[in-house]
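Dear colleague,

I am handing over the structure below, and my notes on it follow. Please read them with the coordinates open beside you.

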Amino acid sequence: MFGPYSGGGGVPQMDADTYVHTIVVLPPLAPLPSAPLETPPDSPHTPHTYGGGFLPISGADQPVVTNNSATNTRPQLCAPYDDDIEATLRAMEKNPAERPSPYFLETTQGGRMSGLVRTSMITFMDDFSRFHELAAGTLHRAAYFLDRYLSVMPKSDDALQLRLVGATAVFLAAKYEDQYTLRKIDASMVAARCGYTSETRHKMVSCMETEILAALDYNLGGPTAYTFVEHFTRYCGEGKEEKLVKQAAHRFADATLLTYGFHRYLPSVVAASAIFLARLDVLAHEPWSRDLAELTGYKAIDLMGCVCDMYSASCMSSLCSLPRVLLPGSIAHV
């Protein structure tokens, strides 16, 4: 189904015009669910406004990212730092030390964990994030932490332990995204939500935090698809259509968290593809343009594989309609 990373045959080659026209005639998308997180005040680490292809594997060629510095007709919202922010995000997303292993379920986990178990973990993490109304961007960063952790730490299939890993990843991500997180939740509440009831349960979360931080080598700031959706929409206006496109782009990006394999795409490619589909869904025309190619650094043809995979994922699943049976009790406290 997801050809480029599942060995399913890949996406047929075509020119850019054929690709766009093919996408346009696809059947209408089912209505997307509400975003997994309500949008709280701006986060200090993943700002709401600034005021191609796969990750490198064995030296494979990457899509050429064009120079997308702001033009004279496009205002710089963080001048004179706009170009520096752009360059930093692009460099960080390609740093192998800050990315998950391409095939961590097959290698590090040795087949002990299936993609469906990981999906159930993400679902539990989404429930946890929404229940406590954590900062926007928390779920994406928590999934990013989870995938990097699972890339280096083999885990058993113990449901209680997996919930602790997922909840602690959310706790760490929330504290990174919002300095006021500890006013909402603490380590004891995190452990209780996983099902632990002992008086010393907070120590279990503290130990897991230390383990995750060590596994990540204390590198927590890598950009996620959420970061890049915000980055690429920083010039959008406040009109109704612009807001709808941005909201839809976040929902498409959210849906990719559930599918094992999207981590092999650069986060900027996932974000650009989400904007492509969001424009198609909201505007029903012109899903890409020269300005967007300049802004994101990707032509429509560069996004073909990710757009097709994302379209399939959005049609087949959502954060609100997943099986919740793989981690018993994962939503018992909701």
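**What was found**

Read along the sequence, the chain follows the pattern α-α-α-α-α-α-α-α-α-α-α-α-α, that is, 13 helices and 0 strands, where helices (H or I, at least four residues) and strands (E, at least two) are DSSP runs numbered from the N terminus. This is a predicted model, in which local features need pLDDT of at least 70 and side-chain atom pairs count only at pLDDT 80 or more, while totals for chains, interfaces and linings use all residues. Residues are numbered from 1 along each chain as its sequence is written, and side-chain values use heavy atoms, with hydrogens and water left out. Of the 334 residues of the chain, 52% count as buried (buried means under 20% relative accessible area, exposed over 50% and partly exposed in between, with a 1.4 Å probe and protein chains only).

Helix 6, residues 159-177, has 19 residues that should span 27 Å at 1.5 Å a residue, and its end C-alpha atoms are 27 Å apart, which agrees; the expected span is 1.5 Å times one less than the number of residues. Because 16 of its 19 residues are buried, helix 6 is largely enclosed by the rest of the structure. Helix 6 packs against helix 8 (residues 201-215) at an angle of about 75 degrees, with the axes 9 Å apart; here the axes are lines fitted to C-alpha atoms, for helices over the stretch in contact, and angles run from 0 to 180 degrees between N-to-C directions. Helix 6 and helix 8 are therefore roughly perpendicular to each other (65 to 115 degrees, with angles under 35 counted as roughly parallel, over 145 as roughly antiparallel and the rest as oblique). On the helix 6 side, the contact (heavy atoms within 4.5 Å) involves residues including L164, T168, F171 and K175, and on the helix 8 side residues including M204, M208 and I212.

Two charges sit over rings, a term that requires NZ of Lys or CZ of Arg within 6 Å of the ring centre and within 35 degrees of the ring normal. K175 lies over the face of F171, at 4.2 Å from the ring centre, and the charged end of R193 is placed over the ring of F131, 4.1 Å from its centre.

The structure also holds 5 aromatic pairs, for which rings of Phe, Tyr and Trp (its six-membered ring) must have centres within 6.5 Å, planes under 30 degrees apart counting as stacked, over 60 as edge-to-face and the rest as tilted. One of them is the tilted pair of F228 and F232, at 5.5 Å centre to centre and 40 degrees between the planes. These two residues are 4 apart in helix 9 (residues 225-232), and so are separated by about one helical turn. F228 is buried, with a relative accessible area of 0%, and F232 is buried at 3%. The rings of F276 and W288 have their centres 5.9 Å apart and their planes at 35 degrees, so this pair is tilted. F276 lies in helix 11 (residues 267-283) and W288 in the loop between helix 11 and helix 12 (290-296), so the pair ties together parts that are 12 residues apart in sequence. Both F276 and W288 are buried.

E133, in the loop between helix 4 (115-131) and helix 5 (138-150), has a positive phi near 50 degrees although it is a residue other than glycine, and at 54% relative accessibility E133 counts as exposed. E286, in the loop between helix 11 and helix 12, has a positive phi of about 40 degrees and is not a glycine; at 44% relative accessibility, E286 counts as partly exposed.

With best regards
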